[in-house]
Amino acid sequence: RLDALTGEQKAVLQDAAVVGRTFWLGALEELRADDRDRLPAVLADLEARGLITRRGESRLSEQAEFAFHHVLVRDVAYESLPKALRAPRHVATARWAEAQAGDRRDEIAELLATHHLQALHWLDDLGESNGERPAIERDAFRWTRTAGERARRLWQQREAVRWLRSALDLG
């Protein structure tokens, strides 16, 4: 089904896959700044094809929320994105989410940590050490530590240990 998409539709679906199983129009606008005006039409086409669905009530205020109709569609779209594009897309997604969360950033610490860790994973996978890596590592440390502390406060001990181990590895 993805092979039948136009290049633009496939690129939007790939970027949505980076954001996650659930994604927001604002995140796609951040990732696709050059063609943000076309996004509503492309998303409508993808929805008509049964690849994504629009959610009625968004978890982020004033953000249209969508979800992949099936996790396999998301996985195939993500795997079709060139590896070299994944790290910068994960960082951009994390920065967008952090800006959206405002004072409630700690509540999405796991999401922010995950995107930064994924960015580092892809940089490592490609053997890249770009100038942005130290900033990504600092942000990954900050958010893994925050996620661990939050999980500990919520008595989610296994999650706390997992996140704090990641923070320790980064430290």
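Select Arg105 and Gly102: the side chain of Arg105 reaches the backbone oxygen of Gly102 at 3.4 Å. A polar contact here is a pair of N or O atoms within 3.5 Å; within protein, one must be able to donate a hydrogen and the other to accept it, and residues adjacent in sequence count only if both atoms are side-chain atoms. The model is predicted: local features need pLDDT of at least 70, side-chain atom pairs count only at pLDDT 80 or more, and totals for chains, interfaces and linings use all residues. Residues are numbered from 1 along each chain as its sequence is written, and side-chain values use heavy atoms, with hydrogens and water left out.

The backbone oxygen of Glu98 lies 3.3 Å from a polar atom of the Arg105 side chain. Leaving aside residues up to four places away in sequence, Arg105 touches Glu98, Leu112 and Trp143, where contact means heavy atoms within 4.5 Å. Draw a C-alpha distance from Arg105 to Trp143: the value is 9.4 Å, for two residues 38 apart in sequence. Arg105 sits in the loop between α5 (83–101) and α6 (109–126). Helices (H or I, at least four residues) and strands (E, at least two) are DSSP runs, numbered from the N terminus. Arg105 is partly exposed, at 33% relative accessibility. The classes are buried for under 20% relative accessible area, exposed for over 50%, and partly exposed in between (1.4 Å probe, protein chains only).

Next, select Trp155, in the loop between α7 (133–153) and α8 (157–170). Is Trp155 buried or exposed? Trp155 counts as exposed, with 71% relative accessibility. Check the backbone as well: phi of Trp155 is near 65°, a positive value in a residue other than glycine. Most residues other than glycine have a negative phi.

Move to Glu65 in strand β3 (residues 65–68). Glu65 has 1% relative accessibility and therefore counts as buried. Which side chain does the Glu65 side chain meet in a polar contact? The partner is the side chain of Trp24, at 3.0 Å.

Then take Gln9, in helix α1 (residues 7–19). Gln9 is buried too, at 5% relative accessibility. With residues up to four places away in sequence not counted, Gln9 touches Val42, Asp45, Leu46 and Arg49.

Val76 is partly exposed, its relative accessible area being 46%.

Now zoom out to the whole chain. It has eight helices and three strands, in the order α-β-α-α-β-β-α-α-α-α-α. The radius of gyration is 16 Å, close to the 16 Å that the globule rule gives for 171 residues, so the chain is as compact as a globular protein of that length. That radius is taken over C-alpha atoms, and the rule is 2.2 Å times the number of residues to the power 0.38. Along the principal axes, the C-alpha atoms fill a box of roughly 45 × 40 × 25 Å.

Of the 171 residues, 43% count as buried. Among contacts with a separation of 6 or more, 60% are between residues 24 or more positions apart.
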